[in-house]
Amino acid sequence: MKRALFLLSLAVSIGFAGLAAANEKITVGITPAISNAPLYVAEARGIFEKHGLDVEFIEGNGPVLMSGVVSGAVDISTPTMTTLLQALDNGLDLSIIAGFNIITKAQQDQAIVVRKGAAIEKAADFEGKTVGISTVGATMHVMFDAWLVKNGVDTSKVRFVEIPFPQMGDVMKQGTVDAVVTIQPFTHRITAANIGVMGPKFTSELPEGLPIIGFVATKTWLADHADTVTRFRAALAEATDAVTSDRDRAKVDTNTFLKMPEEVMQQIKVPGYAVDMKPELVQAWIDMMTPMSLLQNHIDPTKIIYH
């Protein structure tokens, strides 16, 4: 009888120990894309589990994910830098806990595709032209506008029209636009269909390592989850190293989540990544967005990065 009670007590103790050691569950808001490769790799290879985390991905677009982290529907979100800075400009109490995908000279996904016969070879040629962009004031628009300004173009003489990425080729074929600012696989589709040709490489003039997406959380959540953030960053850094060391394998892991056609995945490049967010690169976004009247208030990059 005593032995039975001992075994029962031991089993209960082991059960409670197992509960105590259970991984911490957190939710991360993402927009399904190749840019999330480190997250998908961390999940597929048990890296999150190794760092004591049980991560659930909540999918949505930028504005939805931003509202989600503010309302507490998700713990951590992944907005673009333009969306994040505009949210901070509007008074939302958020902090950047880590960087994510970046622009590098070696890994450039953003491109200008010019309609055949449009006679566009350099920045000055865009004056008087119509350019398709996915969203006014979004990442691609801001980067392209800044490039034009840097090269002496009066952007008031460039007409921007919003076109979803999948429709850009059809609109260009109709002759409605002279060029589009786009990404893969749409760049390949337009050029392969002989509708347009590659235009100037505008991203080559952007700062090396310019962040495109960051991980953010509310200061209220961060106040109670400092250790969680430390472990999340460690897992992210490990997964980022894994992606960088073998991008082809990372694509395979990523596609178990994205479930895209193999021919599409072959065309898409895995971007560069940087877990540390540098204040001077955040300032680069502020400097690009302010002349476009996308930001109205002063933002100090050193005060919005969580330490």
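**Figure 1. Aromatic pairs in the predicted model.** Across the whole structure, a search finds 14 aromatic pairs, a pair being two rings of Phe, Tyr or Trp (its six-membered ring) with centres within 6.5 Å, counted as stacked if the planes are under 30 degrees apart, edge-to-face if over 60 and tilted for the rest. The pair of F100 and Y273 is tilted, because the ring centres lie 5.5 Å apart and the planes meet at 45 degrees. F100 belongs to the loop between β4 (94-99) and β5, and Y273 to strand β13 (residues 272-273), so this pair ties together parts that are 173 residues apart in sequence. Helices (H or I, at least four residues) and strands (E, at least two) are DSSP runs, numbered from the N terminus. F100 is buried at 1% relative accessibility, and Y273 is buried at 11%; buried denotes under 20% relative accessible area, exposed over 50% and partly exposed in between (1.4 Å probe, protein chains only). Ring pairs join F48, F100, F215, F232 and Y273 into a cluster.

The model is predicted: local features need pLDDT of at least 70, side-chain atom pairs count only at pLDDT 80 or more, and totals for chains, interfaces and linings use all residues. Residues are numbered from 1 along each chain as its sequence is written, and side-chain values use heavy atoms, with hydrogens and water left out.

**Figure 2. The edge-to-face pair of F144 and F160.** The two ring centres are 6.1 Å apart, with 90 degrees between the planes. F144 lies in helix α6 and F160 in strand β8 (residues 159-162), so the pair ties together parts that are 16 residues apart in sequence. Both F144 and F160 are buried.

**Figure 3. The cis peptide bond from Q184 to P185.** Omega of this bond is near 5 degrees. P185 is found in the loop between β9 (179-182) and α8 (186-192).

**Figure 4. Positive phi at N194 and K259.** Most residues other than glycine have a negative phi. N194, which is not a glycine, has a positive phi of about 65 degrees; N194 is found in the loop between α8 and β10 (196-198) and is partly exposed, with a relative accessible area of 48%. For K259, phi is near 55 degrees. K259 is found in the loop between α11 (247-258) and α12 (262-267) and counts as exposed at 65% relative accessibility.
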